[in-house]
Amino acid sequence: MQSVLITGGAGFIGQNLVHAWRRARPTDRLVVLDAMTYAANIRSLEPLIADRGIVFVKGDIGDAELLRRLFDEHRFTRVAHLAAESHVDRSIADPQAFLQTNVLGTFTLLKAALDAWRGPSAELAARFLHVSTDEVYGSLGPTDPAFTESTAYRPNSPYAASKAASDHLVRSFVETYKLPALITNCSNNYGPYQHPEKLIPLMIIHALEGKKLPIYGDGSNVRDWLHVSDHCNALMTVIERGRVGQTYNVGGGNERNNRDVVGTICDALDRAFATDATLSSRFPSCPASAGNSCRSLITFVTDRPGHDHRYAIDATKLAAELGSNCNVDFANGLGQTVQWYLDHEQWWRDVTSGAYQAWIDQNYSFRIAV
Ligand code: NAD
Ligand code: TYD
């Protein structure tokens with residue numbers, strides 16, 4: 001049995017990981033530490049908290065004293081570190097919190113793990129998994145080979161720079177202090193519980209509400225889409241069987257440009273409305289409720305500054321060393337995700353009230369249609 005700390009466990013990937021971990025290893029003790037920023041939501045974790053399936057702690061990874069107490073009390077043998085500020089556009093608008101959490105917070109957590117494991121880490125066979133992003137590698141041209149684990153770091157946004165800094169800190173703790181840590185760098189995740197500020201949920205929800213679908217620039221930017229369930233399986237594999245000190249890239253093998261992704265979402269919604277008559281009364285502002293395509297809402301708007309053109313992941317190492325592969329086909333995964341947002345209207349209405357609306361006003365009011 002392992003005693004596991006999951007930081008950022010109330011975020012998008014974190015919630016999915018908590019559920020996946022409970023299913024795969026029900027006897028492990030899970031402690032979720034999350035500061036409950038705007039991006040967090042614990043509704044899906046509430047049943048697990050209530051029946052003591054997990055311990056939930058509201059707190060900051062930058063709080064050294066809290067970390068010391070948690071390591072003392074729970075004697076963690078695994079740390080899955082996901083807590084972060086994660087949205088590129090917010091990092092452009094206000095980078096401070098990204099340095100605070102992603103860099104200084106990660107440093108504080110590394111130090112707490114090192115202090116707790118300094119003596120016993122070998123006998124505990126303890127492991128620290130740092131969850132990072134492909135954005136540290138920068139941007140690819142249309143025909144460049146995909147990122148490998150040895151691609152040079154060239155972060156372009158404050159978010160990517162803060163994650164790159166945190167990756168470097170992890171590496172330095174491995175080399176200098178022999179902290180038993182590993183790093184994963186993954187591509188864009190999608191699936192249930194993703195905050196509606198990110199591309200896929202934003203487009204689904206805007207279409208349902210009959211709002212414009214704001215594609216930055218000409219929409220030719222390419223991302224490699226990874227279903228969050230495939231990502232969580234890879235994370236659990238790497239933390240158990242990966243080689244300490246190594247980095248593993250995780251990708252979905254689904255390169256798509258933003259125009260295609262948004263078009264596919266529109267088509268999935270059009271089909272859903274055509275087959276489920278209740279949707280038209282639930283979402284009367286959606287064009288599909290009147291038999292028109294959601295594609296009519298697509299609008300090209302001012303581009304993101306420093307917008308990376310293309311990300312692509314070479315995940316050969318993960319497959320060859322650890323036998324971990326991605327199974328979710330993008331068309332199916334995207335269709336299921338659209339259905340999940342149709343089925344969880346209350347969840348996203350709660351998330352999109354208040355502070356979220358202020359962000360939407362800030363991020364889109366200066367973007368003009370182009
Ligand atoms: P998210 O923004 O949905 O969730 C992040 C969570 O971290 C939130 O619950 C938030 O409350 C918590 N948090 C923020 N600051 C904290 C602090 N100081 N102390 C404790 N908790 C804090 O992010 P996500 O999409 O779930 O991403 C999880 C991790 O995966 C991040 O490290 C991110 O960089 C990485 N990642 C995400 C993607 C993606 O596509 N979502 C891709 C590559 C890498
Ligand atoms: P996002 O979900 O923010 O992830 P990331 O920037 O980490 O890749 O954005 C994915 C892509 O979608 C990215 O190329 C920016 C683009 N995008 C839009 O075109 N419009 C939007 O409103 C948003 C949020 C993103």
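Predicted model: local features only at pLDDT ≥ 70, side-chain atom pairs only at ≥ 80, totals over all residues.
Helices here are DSSP runs of H or I with at least four residues, strands are DSSP runs of E with at least two, and both are numbered from the N terminus. Residues are numbered from 1 along each chain as its sequence is written, chains are lettered from A and ligands numbered from 1 in the order in which they are written, and side-chain values use heavy atoms, with hydrogens and water left out.

Back to Tyr153, which is partly exposed at a relative accessible area of 26%. (Buried means under 20% relative accessible area, exposed means over 50%, and partly exposed is in between, using a 1.4 Å probe and protein chains only.) Contact means heavy atoms within 4.5 Å. Setting aside residues up to four places away in sequence, Tyr153 touches Val136, Tyr137, Ala164, Asp167, His168 and Asn185.

Now for the whole chain. It has 15 helices and twelve strands. Its radius of gyration is 20 Å, close to the 21 Å that the globule rule gives for 370 residues, so the chain is as compact as a globular protein of that length. (The radius is taken over C-alpha atoms, and the rule is 2.2 Å times the number of residues to the power 0.38.) Along its principal axes, the C-alpha trace spans about 65 × 50 × 40 Å. Of the 370 residues, 55% count as buried. Looking at contacts with a separation of 6 or more, residues 24 or more positions apart account for 82% of them.

What about the surface and the charges? The chain exposes about 15,400 Å², and carbon and sulfur atoms supply 51% of that area; accessible areas come from the Shrake-Rupley method with a 1.4 Å probe, and for residues only the protein chains shown count as cover. There are 35 positive and 40 negative charges, and their mean positions are 3 Å apart. Lys and Arg count as positive and Asp and Glu as negative, with His and the chain ends not counted. Each charge is placed at NZ of Lys, CZ of Arg, CG of Asp or CD of Glu.

Inside, a nonpolar core is a set of buried Ala, Val, Leu, Ile, Met, Phe, Trp, Tyr and Cys residues joined through side-chain atoms within 4.5 Å. The largest core has 74 residues, and Ile6, Leu17 and Ile265 touch the most other members. Helix H10 (residues 258–275) gives this core its largest share, eight residues. Ile6 has contacts beyond four places in sequence that include Leu17, Trp21, Leu30 and Leu82. A second, separate core holds 26 residues, among them Leu5, Ala113, Phe173 and Ile183.

Helix H8 (residues 199–208) is mostly covered, with nine of its ten residues buried. Among the buried ones are Ile200, Pro201, His206 and Leu208. Just after H8, Gly210 takes a positive phi of about 70°.

A loop residue can be tucked away too: His87 lies between strand S4 (78–81) and helix H4 (88–93), and it is buried, with a relative accessible area of 4%. Leaving aside neighbours within four places in sequence, His87 is in contact with Tyr38, Phe98, Glu197, Lys198, Arg304 and Trp359.

Most residues other than glycine have a negative phi. Met36 has a positive one, near 55°. Met36 sits in the loop between strand S2 (29–34) and helix H2 (46–50) and is partly exposed at 26% relative accessible area. Arg75 also has a positive phi, about 45°, although it is not a glycine. Arg75 lies in the loop between helix H3 (64–74) and S4, and is exposed at 60%.

Asp115, in helix H5 (residues 96–117), counts as partly exposed at 41% relative accessibility. Asp115 and Ala315 are 200 residues apart in sequence and 33 Å apart in space, C-alpha to C-alpha. Lys178, in the loop between H7 and strand S6 (181–186), counts as exposed at 60% relative accessibility. From Lys178 to Thr151 the sequence gap is 27 residues, and the C-alpha atoms are 24 Å apart.
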